[in-house]
Amino acid sequence: MRTIQRVETVLSINQYDAENGKEPLGNCCAPGSSLPLFKFPRRLRFPPGDESCSKTEDLDWQKSSEFLDMVILAQWEDRATRGLFRYDVTACETKVLPGEYGFIAQLNEGRHSKKRPTEFRVDQVLQPFDPSKFNFTKAAKEELLFCVESGDSHEGEFYPEAPVVEGTNAVIINVSPIEYGHILLVPKITARIPQRIDEDSLLLAINMAVEAKNPFFRLGYNSLGAFATINHLHFQAYYLAVPFPVERAPSETLVSRKMNNGVKISELMKFPVRGIVFESADRLDELASSVGKCCCILQEKNIPFNILITDCGSMVYLFPQCYAERQACGKVDQALLGTQVNPAVWEISGHIVLKRKEDYERASEDLAWRLLAEVSLDEESFHELKIACLGELICGSPVGNEVVEGGDVSFLGMMLHEVAMWLEENCTGVDAKEETW
Amino acid sequence: MSRSYGVPVLESLRKLRRHSFIVTDPYLPGHPIVYASEGFLHMTGYLVEEVMGRSPRFLQGPDTDRRSVLQLRDAVREEKPCHVILLNYTKQGWPYRIILHMAPIFSHKNGRLLHFVGAQKPLSDCFSMRCEASLLELCKGPSVLLGTKSWVDSIDSCHPPSDDRSSYRFSGQRKKKMKIASTILQLVIHELVTSNKLMSNGALCCRCLSEKAEFSLCSSLTLALNRIQQSFVITDPKLPGMPVAYASDMFLQLSGYQRQEVIGRSCKFLQGQSTDACAVEQIRDAIREEMACTVRILNYKKDGSLFWNLLHVAPVRDHTAKVVYYVGVQLLSGYPLLEDASRNVTPAISQLGAVGAVKVAVRSLQSNGLRRRSG
């Protein structure tokens, strides 16, 4: 059994102080009580984007789409004024490190608790739910912002008090926030599901990203062994109005949209952590299914991983990682260990929270790169993984030397040829001299 | 357009009509097109009324590389120029690749960002137009202020953005196209900048003051604040009297004032004879402690009528963690917004939602904010 010593991150007040005596959430989320509820609209496809057809439609779309945003921010600010967070995260200095990727570093001395380090098992991605350990039904009632469920109307709806149904999903605050609006999404909270991904929970998370309609509202997931601290299924999310370094990295297409129900799959390039990128502009459930299949394979193979959902839910990054294992085997450089950065999904994406002032002052893109390089699977293992997850979809080696981004090469070539023919016939005075000057 | 550049600019831009370029407004949601050249309409197949006021995103489609789009968004946010290769779609739905070269235009008077100009050059040979020859002639004409040579040099030295895997056959052509796109851009910028200079010479005094105060709010922050559907003002505690740095449209509606009457003035203008001094003192105390507070205060609209204002004031910090602004969100007692009532959202929630949105925006976008530094 491989383990590492780590100080637990405190996500909930009751986790911090067992004698708090605050009413636990589990009781309030049982059917029979009433809680605030946000119902997602019924949505099969990704929305067309923020241009739409006419201007009045634009305005309606904007108003309705920023509704979830407003509810989350309002509830969060309310809890902040009530003193439910361990510190004011906006009072944590943050900066963008010089360099092309723009890694973001934050000095956060309050996030790490003063508790003694506990042992975390890092060699098993799937572990059974242990009711004696902390889980989100034991969180304090005030930490719940609202419940979310899928609805049937074409707009998002909010009910300050609605009867709780079986299998409701909870949105809870993270009392040690990394950024403003840091929340936890706990699918089917009363079902007490251990930390493991499936298509349904992914679809819920993607739905939330779509509904918030804010490209800077991102959701993330850490598997056990990839720095998840609590073995109760949950996603994290927060607002940061800045592009993440990973979003700036290029990628190479592995599977085109046409071959995969509108979901394009690519490999992340020129980034310290090897990863797979899923993109879709079509059906939400296809995207969830595509990512979900890969996650299941990773879980079967016992490989820890992290997931980032960004760009209003239309882009999903999957990062298999091995930092904890390397740490347990003593393979990680002492200097990197000294920063006590646990590379979970946010760190991998390029948002690094530092505990010590000297680390913050010395932070550089180079240091971030070196740290994240230790997280990544090596080339061989990653290649094996690609084949295992996507084998049937990739027709041999990655499509190389494409003239166009995504799409079927031959199809586009044919189309361009037709266009060229049409233009030659219909355009007068296409200047052949263009080539020479 | 004519507000920033004067009416003659439309004439000078028409000289360049054969080329494909658009001018967009970064202060409006969606970054909409405010001017489109004939060449652009010809290339994309749209009519001018189908294009004006729309975000240029409608030109993109399912196969457009999202990373190129993100690069553009970065450039807008950082108010810097950029060039990308982008897959666009004509009205008929034909995809075609273009080199898009985009650059910001700053006001000569106060350095504030005015618009973005984007020049497009299709990569594929089939779309070549005769305008290439006429472009050569134009180049020999007026000298380009911003230094075409340095632009062109920078293109020669840089590697093609985002798309590394294109076949070698195209790279030589690509450089040529980039040069063309940037030259078009230079010409357009030249016209706009000259017109803007002429404008500022005849500028009115009172506009100077208001624009100066707004100068501290860059376009991306202003845009983020514009999206918040609430009555609120942002005040600057560092300046004497805590002047208003930003006022939302709904605030102007509520108070009856015009934007230029409000920006740069201390928010005391809402107070009057019957305003309770205690309430004002409460606000002052909270500000001294850098804390939030909610007070019920009697305020005056421009026309002198009174209203009870449930005012929530909160400190707002930027990325350096220092308090840079205070946000004051007004709520007319007994006057919930209609849409909110139907959505079961209490006025208190709307107020706090506005505070949250302001905090998120200011944290990343205020002054230098969380933007990449050059070098």
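This is a predicted model: local features need pLDDT of at least 70, side-chain atom pairs count only at pLDDT 80 or more; totals for chains, interfaces and linings use all residues.
P62(B) counts as partly exposed, because its relative accessibility is 47%, which falls between the cut-offs of 20% for buried and 50% for exposed. In chain A, 59% of the 437 residues count as buried, while in chain B the buried share is 57% of 375 residues. A search of the whole structure turns up 5 cavities of 30 Å³ or more.

**Around P62(B)**

- P62(B) sits in a loop of chain B, with α4 (48–51) on one side and α5 (66–78) on the other.
- Leaving aside residues up to four places away in sequence, P62(B) touches R257(A) and Y89(B).
- N88(B) lies 26 residues from P62(B) along the chain, and the C-alpha atoms of P62(B) and N88(B) are separated by 9.7 Å.

**The two chains**

- Chain A contains 14 helices and 17 strands.
- Chain B has 15 helices and 10 strands.
- Take the contacts in chain A between residues at least 6 apart in sequence: 75% of them join residues at least 24 apart.
- For chain B, the share of such contacts that join residues at least 24 apart is 56%.

**A helix pair in chain B**

- Two packed helices can be described by the angle between their axes and the distance between those axes.
- Helix α10 (residues 219–226) of chain B packs with helix α15 (residues 347–365) of chain B at an angle of about 175°, and their axes are 10 Å apart.
- Angles over 145 degrees count as roughly antiparallel, and α10(B) and α15(B) are therefore roughly antiparallel to each other.
- On the α10(B) side, the residues in this contact are S220(B), L221(B), A224(B) and L225(B).
- They meet V358(B), A361(B), V362(B) and L365(B) in α15(B).
- Sorted by class, the contact of α10(B) with α15(B) has 7 nonpolar residues, 1 polar residue and no charged ones.

**The largest cavity**

- The largest cavity has a volume of about 290 Å³.
- It is lined by 22 residues, and the closest to its centre are T9(A), R111(A), F227(A), A344(A) and E347(A).
- Two elements of chain A, β10 (217–222) and α10 (345–349), each supply at least two residues of the lining of the largest cavity.
- With 3 residues, β10(A) provides the largest share of that lining.
- The lining of the largest cavity divides into 9 nonpolar, 10 polar and 3 charged residues.

**The second largest cavity**

- The second largest cavity has a volume of about 90 Å³.
- Its lining is made up of L97(A), L336(A), T339(A), V341(A), I352(A), L354(A), A363(A), S364(A), L367(A), A368(A) and L371(A).
- Both β17 (351–354) and α12 (365–373) of chain A supply at least two residues of the lining of the second largest cavity.
- The largest share of this lining, 3 residues, comes from α12(A).
- By class, the lining of the second largest cavity has 9 nonpolar and 2 polar residues, with no charged residues.

Technical notes. Residues are numbered from 1 along each chain as its sequence is written. Chains are lettered from A and ligands numbered from 1 in the order in which they are written. Side-chain values use heavy atoms; hydrogens and water are left out. Axes are lines fitted to C-alpha atoms, for helices over the stretch in contact, and angles run from 0 to 180 degrees between N-to-C directions. Helices (H or I, at least four residues) and strands (E, at least two) are DSSP runs, numbered from the N terminus. Angles under 35 degrees count as roughly parallel, over 145 as roughly antiparallel, 65 to 115 as roughly perpendicular and the rest as oblique. Contact means heavy atoms within 4.5 Å. Ala, Val, Leu, Ile, Met, Phe, Trp, Tyr, Cys and Pro count as nonpolar, Asp, Glu, Lys and Arg as charged, and the others, Gly among them, as polar. On a 1 Å grid over the protein atoms alone, a cavity is a set of points where a 1.4 Å probe fits but cannot get out, and a pocket is an open set with protein on both sides within 12 Å along at least five of seven lines; lining residues have an atom within 4 Å of a point. Grid points are joined across faces, edges and corners, and a volume is the space filled by probe spheres set on the points. Buried means under 20% relative accessible area, exposed over 50%, partly exposed in between (1.4 Å probe, protein chains only).
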